[in-house]
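Student: I have a model open and want to learn how to read it. Can we go through it feature by feature?

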Amino acid sequence: MSSSFEKYQKRRLISSYFSVVISIALVLFLLGLLGLLVLNTKKIADHFKEQIALTIYLKDTAKEVEIDQLNKSLALAEYTKSVTFVSKEEAAEAHSKDIGEDFMDFLGYNPLQNSIDVYFKADYISSGEVDQIAEEMTAKSFVDEVVYDKPLISLLNENVTRISFWVLVISGIFTFIAVLLINSSIRLSVYSKRFIIKTMQMVGATKTFIRRPFIWKSVKLGMIGAVLALIGMGAVLYYMDKSFPELELFTDASLLIALFVGVFLMGIIITWLSTFFATQRFLNLKTDELYY
C-alpha cells in the first residue's frame, strides 16, 4: 500500500516539475521571440528604406565623361548604398516587358532617357537629407530631372517610429506577464510542499537551510526550461534566415549571443526570486494558516 502511495506521489511530483518546466519554456520562448523582433526591428526597417531609389534622368546631350564622373562620385559618397546606371535602351526593354509590347514600334523612336538609380544607406533616408542631395544633382547642367518618392519616405519614417514605440511597450508588458506566469508556477510548486517546510522549521532547521534545496531545484527547472526555449528560438531563427536571407539575421552574432544568454539568465533569475519569496511566505506563516 505504501509502495503504491509513494509511486503516486512520485508521479505527482514529476507532473508538477514537468508543468513548471513547460510553463517556463513557453514564457521564455515567447519572450525570446519578442526580443528577436526588437533586435531586428531596425534591420527590417533599414531593409525597406534601402529599397527606395532616387532616379537621376540625364539629358541626351550629357557627355560620357560627365556621366562616368557623376556615377563614380555617387558610388563613393558616404550616403550611397549602391548605384545603377540604366541606359535608355535598357529602360526601353524593361518598359516593353512591363506593358507586353514594343512601344517603339508605334512611336518610331525611344523617348526614354539615360538614368542613374541611387540607393541610399538607411541612416540617410529622410526627407531633408534626400531633398538636399536631389537639389545638388538638379543643379548639374547635364541633369534633366531628379525623381524620388518623397511621400513614401515620410510615411516609412513615421511608421518605423510608431512601430518601434509599440514594440517597446509590448516588450515591457510581455516581460511583466512572463514574470507573473513563472512566479505563479513556482508558487504552486512550493505551495504543495508547505507542510514539509513547516515541519522542517519546527524541528529547528534554519530558514536558509530550508530555502536552499527549493531554490536549487527551481533554478534547475528554470535552466531546463530556458534551454528548451533557446532550442525553439534557434529553430525559428534558422527558419527565418532561410525564408528571408536578405535580412541577414546572423550577421550580428554578438547581439544574438547576448539575447540567448539574457533569456537563459532570465530563466535562472526569475525562478530564483520566485522561489525565494514563495518559501519565505510559507516560512512566515503560522501552522494553522497552512490550511487556508
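**Reading the model**

Tutor: Start with the surface. Accessible areas here come from the Shrake-Rupley method with a 1.4 Å probe; for residues, only the protein chains shown count as cover. This is a predicted model: local features need pLDDT of at least 70, side-chain atom pairs count only at pLDDT 80 or more, and totals for chains, interfaces and linings use all residues. Residues are numbered from 1 along each chain as its sequence is written, and side-chain values use heavy atoms, with hydrogens and water left out.

Student: What pLDDT does the chain average?

Tutor: pLDDT is the predictor's confidence in each residue, from 0 to 100. The chain averages 78, and 86% of the residues score at least 70. Among the elements, helix α4 (residues 104-107) has the lowest mean pLDDT, 64. Strand β3 (residues 115-120) has the highest, 88.

Student: How many helices and strands does the chain have?

Tutor: Elements are DSSP runs numbered from the N terminus: helices are H or I, at least four residues, and strands are E, at least two. The chain has 9 helices and 4 strands. From the N terminus on, the order is α-β-α-β-α-α-β-α-β-α-α-α-α.

Student: What share of the residues counts as buried?

Tutor: Buried means under 20% relative accessible area, exposed means over 50%, and partly exposed lies in between (1.4 Å probe, protein chains only). Of the 292 residues, 35% count as buried.

Student: Which residues touch the most other members of the largest nonpolar core?

Tutor: The general idea comes before the case. In soluble globular proteins, nonpolar side chains tend to be buried together. A nonpolar core is a set of buried Ala, Val, Leu, Ile, Met, Phe, Trp, Tyr and Cys residues joined through side-chain atoms within 4.5 Å. The largest core has 27 residues, and Leu28, Ile182, Val190, Ile197 and Val263 touch the most other members. Helices α1 (2-49), α6 (150-191), α8 (207-243) and α9 (253-283) each supply at least two residues of this core. The largest share, 8 residues, comes from α8. A second, separate core of 26 residues includes Ala45, Tyr79, Ile125 and Ala134.

Student: Where is Val263, and what does Val263 touch?

Tutor: Contact means heavy atoms within 4.5 Å. Val263 sits in helix α9 and is buried, at 6% relative accessibility. Setting aside residues up to four places away in sequence, Val263 touches Leu28, Gly32, Ala226, Leu230 and Met233.

Take Met233 next. Met233 lies in helix α8 and is buried, with a relative accessible area of 0%. Beyond neighbours within four places in sequence, the contacts of Met233 are Leu28, Phe29, Gly32, Leu33, Leu36, Leu259, Phe260 and Val263. Met233 and Leu28 are 205 residues apart along the chain, yet their C-alpha atoms are separated by 9.4 Å.

Student: What percentage of contacts join residues at least 24 apart?

Tutor: Count contacts between residues at least 6 apart in sequence. Of these, 82% join residues at least 24 apart.

Student: Which residues make the nonpolar surface patch?

Tutor: Patch residues have over 30% relative accessible area and no salt bridge; nonpolar side chains (Val, Leu, Ile, Met, Phe, Trp, Tyr) are joined within 5 Å, like charges within 9 Å. Here Phe18, Ile22, Leu26, Ile224, Val227, Leu228 and Ile231 make a nonpolar patch of about 650 Å². Helices α1 and α8 are the elements that give two or more residues. The largest share, 4 residues, is from α8. Ile231 lies in α8 and is exposed, at 55% relative accessibility.

Student: How many salt bridges does a search of the whole structure find?

Tutor: Side chains of opposite charge can pair when their charged atoms come close. A salt bridge is a side-chain nitrogen of Lys or Arg within 4 Å of a carboxyl oxygen of Asp or Glu. The search finds 1. The side chains of Glu50 and Lys81 meet at 3.8 Å, N to O. Glu50 lies in the loop between α1 and β1 (53-58) and Lys81 in strand β2 (residues 80-86), so the pair ties together parts 31 residues apart in sequence. Lys81 is partly exposed, with a relative accessible area of 48%.

Student: Is Asn114 buried or exposed?

Tutor: Asn114 is buried, with a relative accessible area of 18%. Asn114 is placed in the loop between α4 and β3. Leaving out residues up to four places away in sequence, Asn114 touches Ile56, Tyr57, Leu58, Phe85, Val86, Ser87 and Lys88.
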